[in-house]
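Have the structure open and follow along.

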Amino acid sequence: MKINGSVYLDYQASSPIDPRVRDAMEPHWTGSFANPHSAQHSLGWAASKAVETAQQRVAQLLGADADEIVFTSGATEANNLALIGLAQRTEGGDRRRILTSSIEHKCVLEAGRVAAKSLGGDLELLPVGCDGLISLEALKEKLDDRVLVVSVMAVNNEIGTIQDLETLSEMIHGVGALFHCDAAQAPVAMNLDGIADLADLISLSGHKIYGPQGIGALYVRRGVQKLIAPIIHGGGQQRGLRSGTVPLALSVGMGVAAELLSGEEPRYERERIALLRDRFFTNLSEKIDGLVLNGPKVASRHPGNANIQFPGLDGEDLLLSIQPHLAASTGSACTSGIPEPSHVLRGIGLTSDEAAASVRFSFGRFIDEAMVDEAVKIIQGAITKSNTIAAADLL
């Protein structure tokens, strides 16, 4: 996809909205805009029904029930509700430890620290290997009957690592702890049908699945709902877990986006995107020596993820040199904007220099071979130009 002349390869930061999602949302900006909590007229009933349908569609994606879906403003709020909400309602008892991986999204790390502090402890980080996979041995050593919850993302947002959720679930539930999974990146990377049987709390994001920005969801297993304290207070909407008017159009959009990721078609889409990702890395490697693919092997990572290290270059400088022709990123977009080495890349063992030389390219639904080939030419041209200028400066 080209946006204002730029080849867009930053799908893991935010995916373009699918036209089918946009079309489904359109009526709810105009005629069908009633408050879904208005229970005294037919327009409110229709709006409420639309929200229920959206919940059903999101639930179906996970193998859950509609009454286990809580709409939020995004995955960040969902992660905060899961961890802080759980900690705030935990009274007494010995379960006061929270575990997570060293390469989680910043919102999980920060929410986890706040939650752990309220429990009187510190957030405990689990190490990962060079492929980003959780050290199962380290997890086994830390798991005991004092652990309240373990939070591990299904698919990493920077290097695309896909975790072994079944094994993690078995280990975590084996000591009676709860399993929270940040699955914001997962729906486009893997089949999630049945994930609700593995995790107790699952966070999702609308704009990572070709839906609108400003909407997310938290799956809360029915038996766990009584353990979660709301972090937004008000009218007690959504079974008291998240007060505030549910955004009708955004919820409808997220529901349709989730429905489009159900069934067999997404599997073929993932295969096609993986081929484009591989074409990009192979062609780029033929033209630029020494490239390194950070993280796991392509067979066990997000099909649209290519986190590439350009030895001897600075990732930020490279991105600036290809503007406005190509959009990519050095890592997560959900930070303060202060340049610093990626904690994910450092977590898998890269040095600060190696992390600074890395760029994440992410592919998705609206990319084709022509765009991939154009992106390779843009990058090659920028590096050639940079090398020419550097050589001239030495004369």
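A charge counts as sitting over a ring if NZ of Lys or CZ of Arg is within 6 Å of the ring centre and within 35 degrees of the ring normal. Keep in mind that this is a predicted model.

| Charged residue | Ring | Distance to ring centre |
|---|---|---|
| Arg 267 | Tyr 268 | 4.5 Å |
| Arg 365 | Tyr 210 | 3.9 Å |

Now for rings facing rings. A pair of aromatic rings is described by the distance of the centres and the angle of the planes. Rings pair if their centres lie within 6.5 Å, and by this rule there are 6 aromatic pairs. Take Tyr 11 and Tyr 210: the centres are 6.2 Å apart and the planes are at 65°, so this pair is edge-to-face. Tyr 11 is in the loop between β2 (6-8) and α1 (19-25), while Tyr 210 is in the loop between β8 (201-205) and β9 (216-220), so the pair ties together parts 199 residues apart in sequence. Are these two tyrosines buried or exposed? Tyr 11 has 4% relative accessibility and counts as buried; Tyr 210 is buried as well, at 3%. Both belong to one aromatic cluster, formed by Tyr 8, Tyr 11, Tyr 210 and Phe 366.

Next come Phe 280 and Phe 361. Their ring centres are 5.0 Å apart with the planes at 55°, so the pair is tilted. This one also links distant parts of the chain, since Phe 280 belongs to helix α8 (residues 265-287) and Phe 361 to strand β13 (residues 358-362), 81 residues away. Phe 280 is buried, with a relative accessible area of 0%, and Phe 361 is buried at 1%.

On to the sheet. Seven strands make an open sheet in the order β3-β9-β8-β7-β6-β4-β5, with mixed pairing. At the edges you'll find β3 (69-72) and β5 (124-126); each has a single partner strand, so one side of each has no neighbour in the sheet. Ignoring direction, neighbouring strands are turned by 20° against each other on average. Zoom in on β5 and you'll see that strand β4 (residues 97-101) pairs with β5 in the parallel sense over 3 bridges. The bridge partner of Leu 99 in β5 is Glu 124.

Which helices go with this sheet? Helix α3 (residues 75-88) lies across β3, β6 (147-151), β7 (178-182), β8 and β9, and runs at about 160° to β8. Helix α6 (residues 165-174) packs on the sheet too, touching β6 and β7, with its direction at about 150° to that of β7.

Note on methods:
Residues numbered from 1 in each chain as written. Predicted model: local features only at pLDDT ≥ 70, side-chain atom pairs only at ≥ 80, totals over all residues. Heavy atoms only, no water. Phe/Tyr/Trp six-rings, centres within 6.5 Å; stacked < 30°, edge-to-face > 60°. Helix = DSSP H or I, 4+ residues; strand = E, 2+ residues; numbered from the N terminus. Buried < 20%, exposed > 50% of the residue type's maximum accessible area, 1.4 Å probe, protein only. Pairing = 2+ DSSP bridges. Axes fitted to C-alpha atoms, helices over the stretch in contact; angles between N-to-C directions. Contact = heavy atoms within 4.5 Å.
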